[in-house]
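Hi everyone, thanks for coming. Please take a look at the model on the screen, and then I'll walk you through it.

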Number of protein chains: 6
Amino acid sequence: MVKQKYLDKAEVLIEALPYIQRFNRKIVVIKYGGSAMLDQELKANVIKDAVLLKLVGFKPIIVHGGGKEISRWVNKVGMEPRFVNGLRVTDKDTMEIAEMVLAKVNKELVTLVESLGVDAVGISGKDGGLLKCTKKLSNGEDIGYVGEIQEVNPRILHELLEQDFLPIIFPVGYDENYDSYNINADDAACAIAEAVHAEKLAFLSDIEGVYKDQNDPESLISELHIHEAEKLISDGYVGGGMIPKLKNCIDAIEHGVNRVHILDGRIPHSLLLEIFTNKGIGTAILREDGEKYYDEHA
Amino acid sequence: MVKQKYLDKAEVLIEALPYIQRFNRKIVVIKYGGSAMLDQELKANVIKDAVLLKLVGFKPIIVHGGGKEISRWVNKVGMEPRFVNGLRVTDKDTMEIAEMVLAKVNKELVTLVESLGVDAVGISGKDGGLLKCTKKLSNGEDIGYVGEIQEVNPRILHELLEQDFLPIIFPVGYDENYDSYNINADDAACAIAEAVHAEKLAFLSDIEGVYKDQNDPESLISELHIHEAEKLISDGYVGGGMIPKLKNCIDAIEHGVNRVHILDGRIPHSLLLEIFTNKGIGTAILREDGEKYYDEHA
Amino acid sequence: MVKQKYLDKAEVLIEALPYIQRFNRKIVVIKYGGSAMLDQELKANVIKDAVLLKLVGFKPIIVHGGGKEISRWVNKVGMEPRFVNGLRVTDKDTMEIAEMVLAKVNKELVTLVESLGVDAVGISGKDGGLLKCTKKLSNGEDIGYVGEIQEVNPRILHELLEQDFLPIIFPVGYDENYDSYNINADDAACAIAEAVHAEKLAFLSDIEGVYKDQNDPESLISELHIHEAEKLISDGYVGGGMIPKLKNCIDAIEHGVNRVHILDGRIPHSLLLEIFTNKGIGTAILREDGEKYYDEHA
Amino acid sequence: MVKQKYLDKAEVLIEALPYIQRFNRKIVVIKYGGSAMLDQELKANVIKDAVLLKLVGFKPIIVHGGGKEISRWVNKVGMEPRFVNGLRVTDKDTMEIAEMVLAKVNKELVTLVESLGVDAVGISGKDGGLLKCTKKLSNGEDIGYVGEIQEVNPRILHELLEQDFLPIIFPVGYDENYDSYNINADDAACAIAEAVHAEKLAFLSDIEGVYKDQNDPESLISELHIHEAEKLISDGYVGGGMIPKLKNCIDAIEHGVNRVHILDGRIPHSLLLEIFTNKGIGTAILREDGEKYYDEHA
Amino acid sequence: MVKQKYLDKAEVLIEALPYIQRFNRKIVVIKYGGSAMLDQELKANVIKDAVLLKLVGFKPIIVHGGGKEISRWVNKVGMEPRFVNGLRVTDKDTMEIAEMVLAKVNKELVTLVESLGVDAVGISGKDGGLLKCTKKLSNGEDIGYVGEIQEVNPRILHELLEQDFLPIIFPVGYDENYDSYNINADDAACAIAEAVHAEKLAFLSDIEGVYKDQNDPESLISELHIHEAEKLISDGYVGGGMIPKLKNCIDAIEHGVNRVHILDGRIPHSLLLEIFTNKGIGTAILREDGEKYYDEHA
Amino acid sequence: MVKQKYLDKAEVLIEALPYIQRFNRKIVVIKYGGSAMLDQELKANVIKDAVLLKLVGFKPIIVHGGGKEISRWVNKVGMEPRFVNGLRVTDKDTMEIAEMVLAKVNKELVTLVESLGVDAVGISGKDGGLLKCTKKLSNGEDIGYVGEIQEVNPRILHELLEQDFLPIIFPVGYDENYDSYNINADDAACAIAEAVHAEKLAFLSDIEGVYKDQNDPESLISELHIHEAEKLISDGYVGGGMIPKLKNCIDAIEHGVNRVHILDGRIPHSLLLEIFTNKGIGTAILREDGEKYYDEHA
């Protein structure tokens, strides 16, 4: 007789069937950042999830930041960090290092995907004119080469997806003078998801999701229609870094993305579980007419 | 925290990754017959397995027989079965009923696949001139409209696969006078697998596989190179219905199929397990230069 | 000198030129039923007509019923026919036999087309999800698995036509529970003609056409604009089986079919003559702005 | 009842079926010359034949000469014809007139085809570099701009056929100095048929075909294998203009054309009859392994 | 050291870069007529310009007249020219000669392009049904076969451009009775430019451009917005042959052409210079919202 | 009158015609390194040359090194360079910096191309698995992560070229353990040129070319057949860095590249001049059967 554990394995695969079918050939933009970038095992897991999605018929695009690695290199070359309103000033030199570090991280991710037998191509927002931006001010003050996206030219992404490559993007673009700008990775993921008409956008970071009560770890909300998300902001329920994240979610959905997921990248395979089970891992934001379908929280 | 059982699920999916990748866009011909055709749950499982294979990027083709259903209908219309050398004589009337019953079974399978959201197209060996045959004699004796395949015209299959349909075939063809013939489903699956250059051919029937010692249920052989399969026949180790089956396996491999699987259709998801784990469920026959990779028997 | 009879032959071919040109690459749906299905010679003629249309550049689709053959088999298996309001009750068993018989007829037609050197593919309304239906009541009463078409998914037809196959369809579909239903062949032909934007729809049955005066065989009407057809119904001129037929014709034209023909399948090559001469064989129904062009009745 | 004459018409169309099928999508090169170019009715018939062939699925290419029209214009401009060895000397001026006249004839033929609703494109051997040639000497003597084909570049023809145009060619080409040359239309038709791998090449001229006995009008030969054609030449049976014609036929077949027809263009629709009946109109030359299939002479 | 003259050459090529880039894959219709057709060197220059445009990525189409060559041939065949209101009466015979002469000129141009290694295809307005016309009256009087374009069917042009041929067109078309008509080459170029949505239309003739003051050779106007062009006409500044030319320019721009150039064909490479420098050679007419960008007059 | 200088410009463009035509749609691999990378003006010139080549129909691929910029950054982060046999030891840290610096340079070049209106995509040898390598030893000694190319997978390059992107490559690849390796840019350019079947390979560096007499600046050799190049090496005429460069040239030609150019990147537009004139700028190495066509040295 075949052992039970093997039969159980088959069942898990069969359970994935409706999810694979539902999102077949759909684009999923994965914003990858936070601690999951530092831990080698978590990193390997995220990449495996993305590769699995690709192999079962999704079209994943990874957008990543550089996180703490940039700071480490700024120090390494002995540069003096400057801050305005608590925000890092990105002068020419910092910009140069940021681009170099992001490119390095990019090639690491490309290599991880390649090691799993799938062809990845790592590009920046400059390649193929993907991201065009202008200078972003912080409360009206110039904090250097920090860019705000003005235009996304997704042609290179469509070509790469069409030819079965997995695109991995780091968010550096240029302005009309062809100067380099660092772009917030969440913003880039959001703008790209909109431009390619993604079915899903998933933010993998150190946030577990949205809580009804910040102090009650049991109160994580599995699904939110956008008006509920807007209400959470206007009622002052959420704060800090969650506000721009939620605003990005709402913006993406208003521009045609079907479902946006805030996921804890520290949980192994959170991306896979969110997509392949009807249990919520983090918080999903959905269109007003989107159907809630999580049974319970995983 | 996410519960362990969900993390385990993710692991099962991730383990499938190398198998999905290895056979991506490859054609798998599934001969489906035996008891697995009678039990509704087993039937549903086989179809789910085939659909999952399709959704994760394989190109499955199902070839099926009609098994005991034909006999049931022959009786139902009050016909007198005749036998020669223990073989059923297929006269015009029996042929007509066989074709009708096989068509009925075919549409059931089509409907099952459709119910899982995948488009199936059921055809016979007559459609698109798929199977051309001549009369097959039994020890030189004419036993009626039993056909031997002379030519496979796989154009219709390539078109259906190309357009993302799952083809389901019942083995009735015509000869040069356009008379109808019933064809052995194993032979049809084998000839089709060769004609479409299938990567794999899987026989799902009531046979568990090949045993070293017929009396020792522990002696199931997981993998056989073709010379080993040939030796089992010439040494008289195997007998009965296993000989033509093994000969079909050897023939398929000699004509370019990479791996042929003899699987017990009575084990739920045996097809999926054979393909997605490195445990043998039944017996795999492989090319002389094919690598054995099963760790152990499931 | 070349004999006159050969020159005459050439003239006939040349006369066909404007008709071939006018309908080049246009889809023609042929509903094939009635006596023309029982007589082997008439059957051969209809198939030859369809094959000729295909070879000269039309794109024919054949939709057929099973006619009296279903009744014959219901009797053969010793079933007791039941009737309600004079209509046959299609229980599960009858449905099963109907599907089997229709499939058998389908493969006969496929074989006839193949024997003329053209590749045909026979499918049902289940294949590729072609015909989705609901239960049709008869005066509010449940008469079993008799289906009313709700949705046509013509993808499989477009692919087959594109790849130069001649599709032959028997009208069995499924409902949302994937139960099988028998569908009236006229209804199926009509729905399919609309879904594939056919240029023409031809009903080949035992009806000679529409008469001005039912008792005057000389009063056959060659061409009717739809308002004339509607008037014939509302004025009570036509009755019996002609009413649903005319309604189908009107419906098809209102949904974009250019010209619908009611033809007597018992006249050899009536289809060919109707299309390739400017003499009316039966009755053509045309759009309000369609030009009448028959010179006289053939 | 439908009148017998209409049923007869249908029969003629049905009889064409196997011929249409046999040559579907095959290229037929038609050399059009002789008296059939002067008589307006014959001209219209030839063009109708070619258009019918196109509409029923063949891919005809017409190659034409200018015949007596060139002589007429040479006289018209008051030029003095010069002859060497009985052959016209083609000096620059004559060449210029020949090209102009051929172009005029070409556009007449284009217009005739267009008037039948089919798109024709008329080109010379210069367009797309179709025909490259060198000077052809007559018994070692220079007779001016008479070209011998050295190279055929059929790209333009394949593109026009692919896009469903009917190409009409007049045989003027250039040499390596880009000087213009007049080319024998039979030679051009032959070289083009070889270059496009035509199925058939038909010479429409004032010759009825090949006779066993030149004096016996009943002795026309319907079909000749190439060795028979060669023997007719070597045995001195045929002579005069027939020798180069037969040599062209043999050459075409040796370079891959399947069947070459010598047809009398003065018989209306001789091309159509030769292709659509199993009666020989003129003489067909076939490959050594080609099957003779004419029943009798028409 | 590399000599200065070579560095200068490189600079010229580099200066062409923005112009090449701006018009990449855009269609340019070149009306070629006037003295530039008679002088062999000018002719070679115009053709070289067109070929260069093709090779650097433009899609040129040449439309040409026959100019004085037609008159020469009318005389040559001893015909008596007739005039009405100072316009040549184009009777059947004149039409025939015009077509022949235009075809001859056409093949000369084709040969010139071919000699530069680019494949050209020369067609008339009859080929592929390119130009359909009606009779054009002169002040209400019938002056024979002079055509007014009613319809342009640009399919043949799109196919030729798609397949990388350079189309060369002479303006002879047919009317609904398939009679031949001579069409003014300016009108043809204009209608074709509109039908293929050309980016540019350039008239190469013996006109230097539009002058502010006809008597001041320094007063050539480099660029005119269409309202300025209209004003020049309504104010009576321009006269004679310039009025229909300007009207054609205005018409083309109103139908979607971006920029129309009136160029002096007698200046070598005027076409190239107009396109590849920011100096005006002749006069450019532009859309109301088109930007003027010539620095000065060349 | 048009000024002479403008006519001269036109002439230069026309002179480029045969060169554009000869290499239309051909791939040119440009190895870009040396001083030309440091001087902003020279850099702009090289990029303009590459963009011009692209716009006139070539398919350029740029392969670049990082040159002195890597050393600058090694120092910047305070690392201690180590040397073995005079070669830099590339430990993990150095490798990391090299990759970052090369990526930075890569994006600068991408941005320069983008600023000229052409879409560039910058990738490393890791992307799409372009360059797979093993460790390269120096005289048998391990000098760290210096790679030797084992396999080139040019799929990503073909896709980018097909979609009209200009690929820019920096030579970092991975080995079978997916460790990063720095690869000599000359080697990478050579291997890529071979893999994509480039027509041309151009090395732009600080070398003027090959001299007959190292001490005589007038003795630069314009063209060398490969046997001459081999003889120069075997006779000891050339030495130092020229030997591996010449060996790369010979290797490329033996693997199918048609012509390899050694060019002085310090001469503005040397690439353009070498390709668009028949004057040699540097030294061209050609196949044994390649025709020498430089008139003289520029």
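Let me start with how to read the record: UniProt positions are given in the numbering used here, feature names are shortened, and annotations may be inferred rather than shown by experiment. This is a predicted model, where local features need pLDDT of at least 70, side-chain atom pairs count only at pLDDT 80 or more, and totals for chains, interfaces and linings use all residues. Residues are numbered from 1 along each chain as its sequence is written, chains are lettered from A and ligands numbered from 1 in the order in which they are written, and side-chain values use heavy atoms, leaving out hydrogens and water.

So, where does UniProt put the "binding site"? The record, an unreviewed entry, lists Gly66(A), Gly67(A), Arg88(A) and Asn182(A). These residues span 117 residues in sequence, yet no two of their C-alpha atoms are more than 14.4 Å apart, so they gather at one spot. Gly66(A) sits in the loop between strand 2 (59-64) and helix 3 (68-76) of chain A; helices (H or I, at least four residues) and strands (E, at least two) are DSSP runs, numbered from the N terminus.

Now to chains E and D. Turning chain E by 180°, with 0.0 Å of shift along the axis, superposes it on chain D with an RMSD of 0.1 Å, by least squares on the C-alpha atoms of residues with pLDDT of at least 70 in both. The two copies are thus related as by a two-fold rotation axis. The same surface serves both copies, since 100% of the contact residues of chain E recur in chain D; contact means heavy atoms within 4.5 Å.

How much area is buried between these chains? About 3200 Å², with carbon and sulfur atoms giving 61%; this is the accessible area (1.4 Å probe) that two parts lose on being put together, summed over both. Met100(E), Lys107(E) and Arg155(E) supply 19% of what chain E buries against chain D, more than any other three residues.

There are six salt bridges between chain E and chain D, each a side-chain nitrogen of Lys or Arg within 4 Å of a carboxyl oxygen of Asp or Glu. One of them joins Asp127(E) and Lys107(D), at 2.9 Å from N to O. Four elements of chain E each supply at least two residues to the side touching chain D: helix 3 (68-76), helix 4 (92-115), strand 5 (120-124) and helix 5 (155-162). Helix 4 of chain E gives the most, with twelve residues.
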